[in-house]
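Colleague: I am new to this one. Can we go through the labels and see what stands behind each?

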Amino acid sequence: MFQVKLSLPETLTMVLEEIETSLIMWFSYALIPCLLVDGVAVLPAPQNLSVQSTNMKHVLTWSPVVVPEEIIHYSVEYQGEYESLYMSHIWIPSSWCSSTQGPECDITDDITATVPYSLRVRATLGSLTSAWSTLKHPFNRNSTVLTPPGMEITKDGFHLIIKLEDLGPQFEFFVAYWKREPGAKEHVKMVRRGGIPVHLETMEPGAAHCVKVRTFVKAIRRHSAFSQTECVKVQGETLPLALALFSFVGFMLTLVAVPLSIWKTGRLLQNSCCPVVMLPDTLKITNSPQKLISCRREEVEACVAAGLSSDEFLKAWI
């Protein structure tokens, strides 16, 4: 291992060079951020404006203006086709970025039509304000990048269930599903919103069922590519014989018991509301009334005696 010994003049030279470098960097930081124009200090405008747009989420970004130990604020404005043609080229402040600290702005809520939008941004530091920096090419939301949605496939017994990623109200989903076998027909189902479980079909035991999905945005008339195909399989499970017999017996019992219970209830209600009263045999008249009236005078006492006997019998019976 070699050791290098430096003389005193060389050491002083190195120290002076480091001091010189530090002074140059300090002057650069102090002078570059704030420039003098006609004797007035101004901030440089933000540079490198661009829009990153994925799945209808639009974000304007730019290179930050750097001032040591200071916080720079930025203002964003936009101008659509309507403002340009019918409102004398006015600029409208962004909904969320009238005064933001970060070098980006979510302009999704500002871009409400499929037309070119001009965008601009400027920096502010206290009373100092930079010039506006404008996006080089107007932005149109139909250039957004559409990606396949995330999906979660589950099975509930023999039912195939899918849950799609919620990308917002502008998105619809086309779900393709089929049974994995030669010559199988592919079915397509449209799902109008994500984030909720959707039943696709009832699966066959022992067969694999596959699913893929893509998005569609009606506002821009475009769709994404299909997602990767995912398949699930239900094992060849069948209902036990005892359970099938039990279900059949229960059904037959229900089929017999329900009409019988209805008939019994009707009979109970009939007996409660309209009971049938049966007279005792002793109160029943077996002979015609004409024969009773035609009793001769000499037989009255016998009739009376027979009547008393009937009354006594009735009392005894009661």
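Colleague: What makes E13 and E16 a pair, and in which sense do they run?

Modeller: First, this is a predicted model. Two strands pair if there are at least two bridges between them. Strand E13, residues 171-179, and E16 have nine bridges, so they count as a pair by that cut-off. The sense is antiparallel. Within the pairing, Ala176 stands opposite Lys212 in E16.

Colleague: Which other strands pair with E16, and over how many bridges?

Modeller: Strand E18, residues 230-233, is one of them, antiparallel over four bridges. There, Val211 stands opposite Glu230 in E18. Strand E17, residues 222-223, also pairs with E16 in the antiparallel sense, over two bridges. The cut-off is at least two, so E17 still qualifies. Phe216 stands opposite His223 in E17.

Colleague: What lies between E16 and E17 in their hairpin?

Modeller: Four residues lie between the strands. In this hairpin, Arg221 takes a positive phi near 55 degrees.

Colleague: Why is E16 called largely enclosed?

Modeller: Buried means under 20% relative accessible area. Nine of the ten residues of E16, which spans 208-217, are buried, so the strand is largely enclosed by the rest of the structure.

Colleague: How do you know that E5 is largely enclosed?

Modeller: Six of its seven residues are buried, so E5 is largely enclosed by the rest of the structure.

Colleague: Which strands pair with E5?

Modeller: E8 is one, antiparallel over seven bridges. Tyr78 stands opposite Leu119 in E8. Strand E6, residues 92-93, is joined to E5 by two bridges, again antiparallel. Two bridges are what the cut-off asks for, so E5 and E6 count as paired. Glu77 has Pro93 as its bridge partner in E6.

Colleague: Which residues touch the most other members in the largest nonpolar core?

Modeller: They are Leu60, Trp62, Ile72, Tyr74, Val76 and Leu119. This core has 23 residues. Strands E3 (47-54), E4 (57-63), E5 (73-79) and E8 (118-125) each supply at least two of its residues. E8 gives the largest share, four residues.

Colleague: What makes a set of residues a core, and which other core lies apart from this one?

Modeller: The residues must be buried and nonpolar, joined through side-chain atoms within 4.5 Å. Another core, of 22 residues, lies apart from the largest one. Among its members are Ile153, Tyr177, Val213 and Val232.

Colleague: Why are E3 and E7 called edge strands?

Modeller: Start with the sheet. Three strands form it in the order E3-E4-E7, and it is open with antiparallel pairing. E3 and E7 (104-106) each have a single partner strand, so one side of each is left without a neighbour in the sheet. Neighbouring strands here are turned by 15 degrees against each other on average, direction ignored.

Colleague: How many bridges link E4 and E7?

Modeller: Three, in the antiparallel sense. Leu60 has Cys105 as its bridge partner in E7.

How values were computed: Residues numbered from 1 in each chain as written. Predicted model: local features only at pLDDT ≥ 70, side-chain atom pairs only at ≥ 80, totals over all residues. Heavy atoms only, no water. Buried < 20%, exposed > 50% of the residue type's maximum accessible area, 1.4 Å probe, protein only. Axes fitted to C-alpha atoms, helices over the stretch in contact; angles between N-to-C directions.
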